[in-house]
Amino acid sequence: MASLKKKVAGFVSCPTCAAISAVLAAAKVPGAIRNEIAFDNRVRAVDSRIQSKAKRAVAKRVVRPLTKQAKKRANILSQELKAANKRGRKKSGGLKKGWSQSRIMKEAHKKAQRRY
């Protein structure tokens with residue numbers, strides 16, 4: 001990539017500009033016109049968009065391991081969710097009258113908060 005960069009008209013070109021300039025040079029377009037086309041602001045804008053998309057595609061999300069306290073809280077909430085589901089569901093697995101998934105979660109969170 002560094003080999004494609006060159007200094008033209010007082011600024012360093014982007015790889016896209018250099019490639020376009022090379023194609024135009026091969027087509028025997030005069031130097032002044034070639035530079036005006038290849039080093040246009042619109043070409044530079046396209047190049048920066050391409051580079052940012054490439055960086056996003058390459059970047060991977062780093063997932064940090066849970067802390068000891070976070071593991072403890074997750075375990076407590078898991079236990080409380082099991083207990084709340086047991087209270088709020090019938091043997092068939094459906095919800096009892098007056099219970100909803102929202103209520104189950106609220107009760108589990110409330111009980112878990114008391115245990116932290």
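Contact here means heavy atoms within 4.5 Å. The model shown is predicted.

View 1. The chain has five helices and two strands. Its order along the sequence is β-β-α-α-α-α-α. The chain holds 116 residues, and 17% of them count as buried. Consider contacts between residues at least 6 apart in sequence: 44% of these join residues at least 24 apart.

**View 2. Helix H1 against helix H2.** Five residues of H1 take part here: Cys17, Ile20, Ser21, Leu24 and Ala25. They meet Arg34, Asn35, Ile37 and Ala38 of H2. Sorted by class, this contact has six nonpolar, two polar and one charged residues. H1 spans residues 15-26, and H2 spans residues 31-38. Their axes lie 9 Å apart, and the helices pack at an angle of about 150 degrees. Angles over 145 degrees count as roughly antiparallel, so this pair falls in that class. The crossing of H1 past H2 is right-handed.

**View 3. The largest nonpolar core.** Which residues make up the largest nonpolar core? There are five: Cys14, Cys17, Ala38, Phe39 and Val43. In soluble globular proteins, nonpolar side chains tend to be buried together. Cys14 also has partners beyond its close sequence neighbours. Leaving aside those within four places, Cys14 is in contact with Arg44 and Asp47.

**View 4. Helix H4 against helix H5.** H4 covers residues 68-88, and H5 covers residues 101-115. Their axes come within 8 Å and cross at roughly 135 degrees. The two helices are therefore oblique to each other. H4 passes H5 in a right-handed crossing. On the H4 side, the contact includes Ile76, Leu77, Glu80 and Arg87. On the H5 side, Ile104, Met105, Glu107 and Lys111 are among the residues involved. By class, the contact has eight nonpolar, three polar and five charged residues.

View 5. Glu107 sits in helix H5. Is Glu107 buried, exposed or partly exposed? Its relative accessible area is 23%, so Glu107 is partly exposed. Apart from neighbours within four places in sequence, Glu107 is in contact with Arg87 and Trp99. Arg87 belongs to the H4 side of the helix contact. Ala83 is 24 residues from Glu107 along the chain. The C-alpha atoms of Glu107 and Ala83 are separated by 9.6 Å.

Conventions: Residues numbered from 1 in each chain as written. Predicted model: local features only at pLDDT ≥ 70, side-chain atom pairs only at ≥ 80, totals over all residues. Heavy atoms only, no water. Axes fitted to C-alpha atoms, helices over the stretch in contact; angles between N-to-C directions. Helix = DSSP H or I, 4+ residues; strand = E, 2+ residues; numbered from the N terminus. Left-handed = near helix turned anticlockwise from the far one by under 90°. Nonpolar A, V, L, I, M, F, W, Y, C, P; charged D, E, K, R; others polar. Parallel < 35°, antiparallel > 145°, perpendicular 65-115°, else oblique. Core = buried A, V, L, I, M, F, W, Y, C linked by side-chain atoms within 4.5 Å. Buried < 20%, exposed > 50% of the residue type's maximum accessible area, 1.4 Å probe, protein only.
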